[in-house]
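Please read the points below with the model open beside you. They cover a cavity, some salt bridges and a surface patch.

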Amino acid sequence: MTSRDPGKRVRKAPAERRHEIVTTAAHIGLTEGLECITLRRVADELGVQPGLVGHYFPSADQLVAEAFTSATMAELDGLLPEESAGPGHDTPLHALRRFFTLISSTEFDNVSKLWLNARHLSRYRPVLRDHVVEQELLWCRRIERLVAAGARAEVFRCDDPWAAAVRILVAIDGASAYINTSADHRTAPIAHMARAVAESELSLPPGTLAP
């Protein structure tokens, strides 16, 4: 009969270990802020030595940037999947209505805080800035694709889906800039501002995108 050493660790494949590190860092960034992501903090969360994290991410700035992308990408895939409309999926109208319902919920608050946090830090961290710009463009493209699908189906009236997508995202970000303000002071005036902008951009009657 043999006994297994309880302190012995199972060696993980490099891709699996890297994914684990980024996912852990993303959770820290979402719940506590990007400034709290350090090699030591991530190592402590995983129960490994900081040197192991440093092996995959010699630069903490790169880990912070990838953690941001991981968190925001996961959120985007939940809000607007790659194929948000089309055969077997919601209609463009239903997909957009679902999108605004989700982003107006308190469950979206941590992601709003993360975007605000990342935009501030990106002024000083070029690697993070590149990731922020890339994610902004990706979010715009997802919205543009949905708007274009609705325009082709004549559900929306929109001559320039890209411009509409940019303005909708700017409205979302503008409202999110007040995410750290008390709920009582921000909910009523701006809670549905982005939705109203989208309805105007797409020539929809007010309230069409409401839940």
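**Notes on the model**

1. The largest cavity is lined by Phe108, Ser112, Trp115, Arg119, Trp139, Leu169, Ile172, Asp173 and Ser176. Helix 6 and helix 8 are the elements that give two or more residues to this lining. Helix 8 gives the most, with four residues. A cavity is a set of points, on a 1 Å grid over the protein atoms alone, where a 1.4 Å probe fits but cannot get out; lining residues have an atom within 4 Å of a point.

2. This is a predicted model, in which local features need pLDDT of at least 70, side-chain atom pairs count only at pLDDT 80 or more, and totals for chains, interfaces and linings use all residues. Residues are numbered from 1 along each chain as its sequence is written, and side-chain values use heavy atoms, with hydrogens and water left out.

3. The largest cavity holds about 80 Å³ of space. A search of the whole structure finds one cavity of 30 Å³ or more. The volume is the space filled by probe spheres set on the grid points, which are joined across faces, edges and corners. By class, the lining has five nonpolar, two polar and two charged residues. Here Ala, Val, Leu, Ile, Met, Phe, Trp, Tyr, Cys and Pro count as nonpolar, Asp, Glu, Lys and Arg as charged, and the others, Gly among them, as polar.

4. The chain has ten helices and zero strands. Helices (H or I, at least four residues) and strands (E, at least two) are DSSP runs, numbered from the N terminus. Of the 211 residues of the chain, 39% count as buried. Buried means under 20% relative accessible area, exposed over 50%, and partly exposed in between, with a 1.4 Å probe and protein chains only.

5. How many salt bridges does a search of the whole structure find? The search finds eleven. A salt bridge is a side-chain nitrogen of Lys or Arg within 4 Å of a carboxyl oxygen of Asp or Glu. One network of salt bridges links Lys12, Arg17 and Glu20.

6. Arginine 119, one of the cavity-lining residues, forms a salt bridge with glutamate 136, and the closest N and O atoms are 2.9 Å apart. Arginine 119 lies in helix 6 (residues 109-121) and glutamate 136 in helix 7, so the pair ties together parts that are 17 residues apart in sequence. Arginine 119 is partly exposed, at 28% relative accessible area, and glutamate 136 is partly exposed too, at 24%.

7. Arginine 119 also forms a salt bridge with aspartate 173, again with the closest N and O atoms 2.9 Å apart. Because arginine 119 lies in helix 6 and aspartate 173 in helix 8 (residues 161-176), this pair ties together parts that are 54 residues apart in sequence. Aspartate 173 counts as partly exposed, at 24% relative accessibility.

8. Glutamate 201 and arginine 167 meet through their side chains in a salt bridge (2.6 Å, N to O). Glutamate 201 is in helix 10 (residues 193-201) and arginine 167 in helix 8, so the pair links distant parts of the chain, 34 residues apart. Relative accessibility is 21% for glutamate 201, which counts as partly exposed, and arginine 167 is partly exposed at 44%.

9. Val133, Leu137 and Trp162 make a nonpolar surface patch of about 230 Å². Patches are made of residues with over 30% relative accessible area and no salt bridge; like charges are joined within 9 Å, and nonpolar side chains (Val, Leu, Ile, Met, Phe, Trp, Tyr) within 5 Å. Accessible areas come from the Shrake-Rupley method with a 1.4 Å probe, and for residues only the protein chains shown count as cover. Leucine 137 is in helix 7 (residues 126-152) and counts as partly exposed, at 35% relative accessibility.

Technical notes
1 Å grid on protein atoms, 1.4 Å probe; cavity = no way out; pocket = protein on both sides within 12 Å on 5 of 7 lines; lining within 4 Å.
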